[in-house]
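We'll walk through how its parts meet, and then stop at a few residues along the way.

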Amino acid sequence: MLNRLRLLLLSTPVGALGSGAGGGVELTLANCGRELQRRGHQVQVCAPSGSRLPGLEVVAIEGTPHVPAQTQARLTPITMPPHSVLANMWAWAQREQANYDLLLNFAYDWLPLYLTPFFRTPVAHLVSMASLNEAMDRAIATLARYHPIALAFHSHAQAATFGKLPPYTCLSNAIDLERYQFGDRPSAQLAWVGRIAPEKALEDAIQAAQQANLPLKICGKLQDHTYWQQLQAAYPDADFDYLGFLPTDKLQQVLSNSLALLVTPRWVEAFGNVAIEALACGVPVVAYRRGGPAEIVRDGETGFLVEPDSVAGLVAAIGQLERLDRNACRRQAEQEFSLTALGDRLETWLTAVIRQP
Ligand code: HBI
């Protein structure tokens, strides 16, 4: 049994945990924290004030949230808002670092990467998105050169977007399977789950569902209102409902009641938490062969991988769904994406970071 580690998990600065602003990283941070705590490690979370994380001790830090990195252009310089919550979080961590064996960063931001060599306590980074801008790429490349063990990604496709990297840790991801019920009598409906924003290409799912004559149930944070209005105007006859940003217990009800989850990212999705949530409910995943989801779906067994950006490909896959066994979907989630599997991968990685000189 690994000796008891004192861990500080540092959150994303884009918003308070529980607000949905942090997207997938909120769930990832909560799952990592809870699993490490369950294994006997001491876990504290440093996050913007207003953060809620049941079962974990949160140190709330005041300050101005950061602009979401995916809304910036590749060459946009890094901006530090006045009274930046991220700067305040890392100033606090700097003062308290002696109380921890390791600081684990979940923010997709330049500052924590840049600060790593200035800390005495080891800092590790779970990179939550694929390459988005030059400044972040450079900070990741610099850290990879001097301290590659400190970097972990969710998928090889995501890591590859940062160019040639020395050996890194691929953590995949996980969910608390107990929160997801297996559903083997779905309604005739499809599901789409994610931040409603252009990079998620919800329009492709709307078109595919319409051509397959199935209603589409949409869940997730409505991040880009203009984009949402455009979708309403562009597809007035399509049958799609927005069910809101649902808590896990409600989300898994929608998923288990669906024939399949459509995953239509326009960008390289770092992982695709929603795909493993669907598998946990026994729901096949129809996904573009792009990014993290392409490393999750077992094509022809627990879903279908489709040529990227091909609505026709989505429709053809939807037509083949009855070939799939929903039990195989749940089984894959149990084998690969349980909290226990993630906890093993996490302990292996964090131990290696601490042991590195
Ligand atoms: N943008 N600047 C910044 N920092 C983050 O930590 C961040 C982000 N955008 C999105 C995001 N994190 C999370 O939604 C990821 O899980 C995708």
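The protein chain splits into two domains: domain 1 covers 6-174 + 338-355, while domain 2 covers 177-336. Those bounds come from an automatic or database domain assignment. Before going further, keep in mind that this is a predicted model, where local features need pLDDT of at least 70, side-chain atom pairs count only at pLDDT 80 or more, and totals for chains, interfaces and linings use all residues. Residues are numbered from 1 along each chain as its sequence is written, and side-chain values use heavy atoms, with hydrogens and water left out.

Taken over C-alpha atoms, the centres of domain 1 and domain 2 are 27 Å apart. Domain 1 brings 25 residues to the contact and domain 2 brings 24 residues, where contact means heavy atoms within 4.5 Å. About 1700 Å² is buried between domain 1 and domain 2, and carbon and sulfur atoms give 58% of that. Buried area here is the accessible area (1.4 Å probe) that two parts lose on being put together, summed over both. Which three residues supply more than any others of the area that domain 1 buries against domain 2? They're Leu27, Gln70 and Ser338, with 27% of it.

What about charges and polar atoms at this interface?

On the side of domain 1 that touches domain 2, α1 (24-38), α5 (156-160) and α13 (339-355) each supply at least two residues. The largest share, four residues, comes from α1. These names follow DSSP runs, numbered from the N terminus: helices are H or I with at least four residues, strands are E with at least two. Sorted by class, this side of domain 1 has eight nonpolar, 15 polar and two charged residues. For that sorting, Ala, Val, Leu, Ile, Met, Phe, Trp, Tyr, Cys and Pro count as nonpolar, Asp, Glu, Lys and Arg as charged, and the others, Gly among them, as polar.

**Salt bridges**

Side chains of opposite charge can pair when their charged atoms come close. How many salt bridges does a search of the whole structure find? It turns up 21. Here are some of them:

| Pair | Closest N and O atoms |
|---|---|
| Arg266 and Asp204 | 2.8 Å |
| Asp309 and Arg266 | 2.8 Å |
| Asp249 and Lys250 | 3.6 Å |

Arg266 sits in the loop between β11 (260-263) and α9 (273-280), and Asp204 is in helix α6 (residues 202-211), so this pair ties together parts 62 residues apart in sequence. Asp204 is buried at 4% relative accessibility, whereas Arg266 is partly exposed at 34%. Buried means under 20% relative accessible area, exposed over 50%, and partly exposed in between (1.4 Å probe, protein chains only). Asp309 is partly exposed too, at 36%. There's also a network of salt bridges linking Glu35, Arg38, Arg39, Asp344 and Glu347.

Start with Ala124 in strand β5 (residues 123-126). Is Ala124 buried or exposed? At 0% relative accessibility, Ala124 counts as buried. Beyond residues up to four places away in sequence, Ala124 touches several others, including Leu102, Trp349 and Val353.

Next, Gln189 is in the loop between β7 (169-170) and β8 (190-193). Gln189 is buried, at 8% relative accessibility, and its side chain makes a polar contact of 3.1 Å with the side chain of Ser258.

Ser172 isn't a glycine, yet its phi is positive, near 55°; Ser172 lies in the loop between β7 and β8. Ala201, also not a glycine, has a positive phi of about 50°, and Ala201 is in the loop between β8 and α6.

Definitions and conventions: A polar contact is a pair of N or O atoms within 3.5 Å; within protein, one must be able to donate a hydrogen and the other to accept it, and residues adjacent in sequence count only if both atoms are side-chain atoms. A salt bridge is a side-chain nitrogen of Lys or Arg within 4 Å of a carboxyl oxygen of Asp or Glu.
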